[in-house]
Amino acid sequence: MNFTTALLDWYRRQARKLPWRETKDPYAIWVSEVMLQQTQVDTVIPYYQRFMERFPSLQALAEADEAEVLKYWEGLGYYRRARLLLQGVREVQAKYGGNIPSKPQLLKALPGVGDYMAGSIASIAFNLPVAAVDGNVSRVISRILAIEDDPSRAPVRRRITAWVQERFPQREAGDYTQALMELGALVCTPKRPRCSDCPVLPFCKASGNDPEQYPVKRKKAEVPEERRIVLMITWNGRRLLVQRPNTGLMAGFWEYPHIEAAAGDDAQRLAEEWAERNLGERLNFRFLRKMTHVYSHLRWNLEIYQAVREETGDCPATIGRWFSPEEEARLSRVAFVRKLSRQNP
Ligand code: SF4
């Protein structure tokens with residue numbers, strides 16, 4: 001029996017009956033996933049039921065008053081989640097006539113929807129083989145593979161995602177996604193994982209070897225160095241920039257897209273895959289130069305790659321926006337981007 005079969009057999013026998021598991025409605029799955037961010041399942045259940053009674057469809061929520069939506073969220077906390085959900089459903093209503101798209105790139109372009117949520121909606125609601133890696137899943141896979149590195153680092157996250165991705169069953173993509181999450185919630189728990197009851201014990205490298213040591217946390221005292229591949233992509237005399245999140249380092253500033261890479265990663269391939277994922281096509285990147293950028297607590301070793309998009313047709317970047325040099329100069333940009341744009345106008 002392989003890993004996926006063992007996991008699915010267990011899930012069919014042991015899965016908890018949860019209200020959002022009784023539907024394949026992408027809207028309902030979306031609501032449940034937003035509520036489950038940072039909140040325990042038992043707390044979410046009554047909120048989810050009340051919310052779905054009052055806003056049973058995407059259209060009902062899209063037309064609702066924000067104050068009333070927040071009222072139904074009261075007690076769940078993290079109200080930003082509710083506001084983003086409301087913005088998201090309104091965008092789906094306006095852009096897609098109320099039909100939630102199934103493509104992960106389009107899902108990720110919606111407010112509040114990141115890699116994880118796009119993966120859960122695509123796999124659970126649309127049965128597509130798209131990995132959804134949350135904290136539970138990354139803990140489980142860190143243990144199965146005994147990964148000696150911190151899964152919050154992008155290369156490790158990529159490795160975990162690829163591993164999950166490769167094991168999708170032919171059908172039952174949604175069950176596979178939920179089974180991994182359920183295993184993390186019920187068996188492979190942060191403390192005292194129940195290895196003797198675990199359906200994937202034969203595949204696990206950490207069992208019997210202090211599984212609690214995984215996932216490994218990066219030591220706080222280290223000043224991390226990160227290898228980053230920076231992409232300068234031009235199209236029709238305009239360049240692609242993405243905006244940093246509203247919180248954290250250089251919040252709200254604009255920059256060229258960049259990807260964290262591990263020491264042995266093939267930068268050219270990562271760049272091509274990024275373009276395919278986010279622009280929907282493969283571009284030819286050429287290496288421009290290396291540079292470093294130092295923050296007080298972090299050093300970025302940057303490798304700059306350039307590509308020109310030759311197509312004249314529309315290019316709806318699902319991430320970022322295209323700017324002319326004049327528009328770009330008016331943006332608040334991070335320092336290395338200002339420097340690069342001066343040297344490569
Ligand atoms: S065998 Fe133990 S450590 Fe490994 S996945 Fe199962 S519960 Fe987690």
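I began with strand 2 (residues 238-243) and found three bridges joining strand 2 to strand 7 (residues 321-323), the two running antiparallel. Strands here are DSSP runs of E of at least two residues, and helices are runs of H or I of at least four, numbered from the N terminus. Two strands pair if DSSP finds at least two bridges between them.

Before going on, I noted that this is a predicted model, where local features need pLDDT of at least 70, side-chain atom pairs count only at pLDDT 80 or more, and totals for chains, interfaces and linings use all residues. Residues are numbered from 1 along each chain as its sequence is written.

**Around strand 2**

I looked up Arg 239 and saw that it stands opposite Phe 323 in strand 7. Arg 239 is also the bridge partner of Thr 234. Strand 1 (residues 225-235) and strand 2 run antiparallel, joined by two bridges. Their hairpin has two residues between the strands, and there I found Asn 236 with a positive phi near 55°. Strand 2 also runs antiparallel to strand 3 (residues 254-255), again with two bridges. In that pair, Val 242 has Glu 255 as its partner.

**Two crossing helices**

Next I checked helix 9 (residues 135-144) and helix 11 (residues 173-186), whose axes come within 8 Å and cross at roughly 80°. Axes are lines fitted to C-alpha atoms over the stretch in contact, with angles from 0 to 180 degrees between N-to-C directions. The two helices are therefore roughly perpendicular to each other, a label for angles of 65 to 115 degrees. Helix 9 brings Asn 136, Val 137, Arg 139 and Val 140 to the contact, and helix 11 brings Leu 180, Met 181, Leu 183, Gly 184 and Ala 185. Contact means C-beta atoms, placed from the backbone, within 7 Å. I sorted these residues into six nonpolar, two polar and one charged. Ala, Val, Leu, Ile, Met, Phe, Trp, Tyr, Cys and Pro count as nonpolar, Asp, Glu, Lys and Arg as charged, and the others, Gly among them, as polar.

**Domains**

I then read off domain 1 (25-126), domain 2 (128-218) and domain 3 (225-343), with bounds from an automatic or database domain assignment. The centres of domain 1 and domain 2, taken over C-alpha atoms, are 25 Å apart. Their contact takes nine residues from domain 1 and 11 residues from domain 2. Helix 8 (residues 115-126) gives the largest share of the domain 1 side, seven residues.

**The ligand**

Which residues are closest to the ligand? Of the 15 surrounding it, they are Cys 188, Cys 195, Cys 198, Cys 204 and Pro 211; near means a C-beta atom, placed from the backbone, within 6 Å. I found 12 nonpolar, one polar and two charged residues in this shell.

Conventions:
Parallel < 35°, antiparallel > 145°, perpendicular 65-115°, else oblique. Contact = placed C-beta atoms within 7 Å.
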